[in-house]
Amino acid sequence: MMLVHLLALALLAQPPARPLATPPPATPLWSVTEGMDSPESVYFDADSGFLFVSQIGGQAAARDGNGRISKLTADGKVVDAGWVKGLNAPKGLRSLGGTLYTADLDEIVAIEIASGRITSRVKVDIGGEGRFFNDVAAAPDGTIYASDSFGNRIFSIKDGKAAVFFEGEGILLPNGVLVDGNRLIVASDGRPARGGGGTPARLVAIDIATRQLTPVATEPIGTPDGVEKDGRGGYLISDVGGGRILQVAPGGAVRVLRPVAAQPADIAFIAARSLLVVPHLGLNRVSAYDLSDVLK
């Protein structure tokens, strides 16, 4: 039975207002299926040189203890498929100062990269019921930002304390988050991802100091999940419902870089190698794609 997951809801999203030109389908440089069980997020930790993959291992909102984090080399070799165990449904990943953070339902879990030891769990119980943390971002000052997709909120967590950083109509169904300088970049699915009309998917920037929201993408971005810097002043977005990788230029224009296999979720990008690493959620597979011939 197909995994019931928030990202699958994005398949109901309205199509873009106009079609984007689509280059030929991508062939992966490598793929990993060993130990992959609903992989949702891939993250490259530059300091250690390893890739980390969050494995939901069941239902996306289940407190079943089946979730885990896998550790891979940057060339797709499995180092430890069960590097960290005992999580529930971990999703977004991000590292800062030797610590890997993951969003696990209503908790932000911190893991020491050198040992794989869980060092803290911050449970967030403010702002009502139904917490569904989806992605995390890390700021140099130690603040962790987490998107609460069901609550249309972004939380900030620092020194073990959580607060609502931003909420409202501007970030309906927020998913991917990324700290870029003094801004928090947010990719949100919008109401169509839940089968309704109204606000479509958006890529926006929130000024961290003033919390002023401004649009980043000036064109449709499909059903966005992961967002990463492209190394050229713009952003890469995984369109989980459309099976595409998009590039958003500094001026906001959007184009298709690669069509890829189904359900590309929260991506990693190794800019020095133009290497995109994609967790294909429903395929139980992680694949790497060379973007050197299509990046601008």
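What share of the contacts in the protein chain with a separation of 6 or more comes from residues 24 or more positions apart? The share is 47%, where a contact means heavy atoms within 4.5 Å.

This is a predicted model, in which local features need pLDDT of at least 70 and side-chain atom pairs count only at pLDDT 80 or more, while totals for chains, interfaces and linings use all residues. Residues are numbered from 1 along each chain as its sequence is written, and side-chain values use heavy atoms, with hydrogens and water left out.

Figure 1. Helices (H or I, at least four residues) and strands (E, at least two) are DSSP runs, numbered from the N terminus. Of the 296 residues in the protein chain, 56% are buried. Buried means under 20% relative accessible area, exposed means over 50%, and partly exposed lies in between (1.4 Å probe, protein chains only). The accessible surface of the protein chain is about 11,500 Å², and carbon and sulfur atoms hold 51% of that surface. Accessible areas come from the Shrake-Rupley method with a 1.4 Å probe; for residues, only the protein chains shown count as cover. The mean pLDDT of the protein chain is 90, with 88% of its residues at 70 or more; pLDDT is the predictor's confidence in each residue, from 0 to 100. In residues 1-18 the pLDDT is below 50, and this stretch has 47 contacts in the model beyond near neighbours in sequence.

**Figure 2. The largest nonpolar core has 16 residues.** A nonpolar core is a set of buried Ala, Val, Leu, Ile, Met, Phe, Trp, Tyr and Cys residues joined through side-chain atoms within 4.5 Å. Ile185, Leu203, Ile221, Tyr235 and Val248 have the most contacts inside the largest core. At least two residues of this core come from each of β15 (183-188), β16 (202-207), β19, β20 and β21 (254-259). A second, separate core has 14 residues, among them Val32, Val53, Ala74 and Ala288.

**Figure 3. Ile206 is found in strand β16.** Its relative accessible area is 0%, so Ile206 is buried.

**Figure 4. Aromatic pairs are shown here, and the count comes to four.** Rings of Phe, Tyr and Trp (its six-membered ring) pair if their centres lie within 6.5 Å; planes under 30 degrees apart count as stacked, over 60 as edge-to-face and the rest as tilted. One of the pairs joins Phe52 and Trp83, whose ring centres are 4.7 Å apart and whose planes meet at 40 degrees, so the pair is tilted. Phe52 is in strand β3 (residues 50-55) and Trp83 in strand β5 (residues 78-87), so this pair ties together parts that are 31 residues apart in sequence. Phe52 and Trp83 are both buried. Phe133 and Phe155 form an edge-to-face pair, with 5.7 Å from centre to centre and 75 degrees between the planes. This pair links distant parts of the chain, 22 residues apart: Phe133 is in strand β10 (residues 133-138) and Phe155 in strand β12 (residues 153-158). Phe133 and Phe155 are also buried.

**Figure 5. Lys71 and Phe50 show a charge over a ring.** A charge sits over a ring if NZ of Lys or CZ of Arg is within 6 Å of the ring centre and within 35 degrees of the ring normal. Lys71 lies 4.2 Å from the ring centre of Phe50, over its face. The charged end of Lys91 is placed over the ring of Phe132, at 4.4 Å from the centre.

**Figure 6. Asn152 and Asp159 lie in loops on either side of β12.** Asn152 is in the loop between β11 (144-148) and β12. Although not a glycine, Asn152 has a positive phi of about 55 degrees. With 22% relative accessibility, Asn152 is partly exposed. Asp159 is in the loop between β12 and β13 (161-167). Asp159, also not a glycine, has a positive phi of about 55 degrees. Its relative accessible area is 71%, so Asp159 is exposed.
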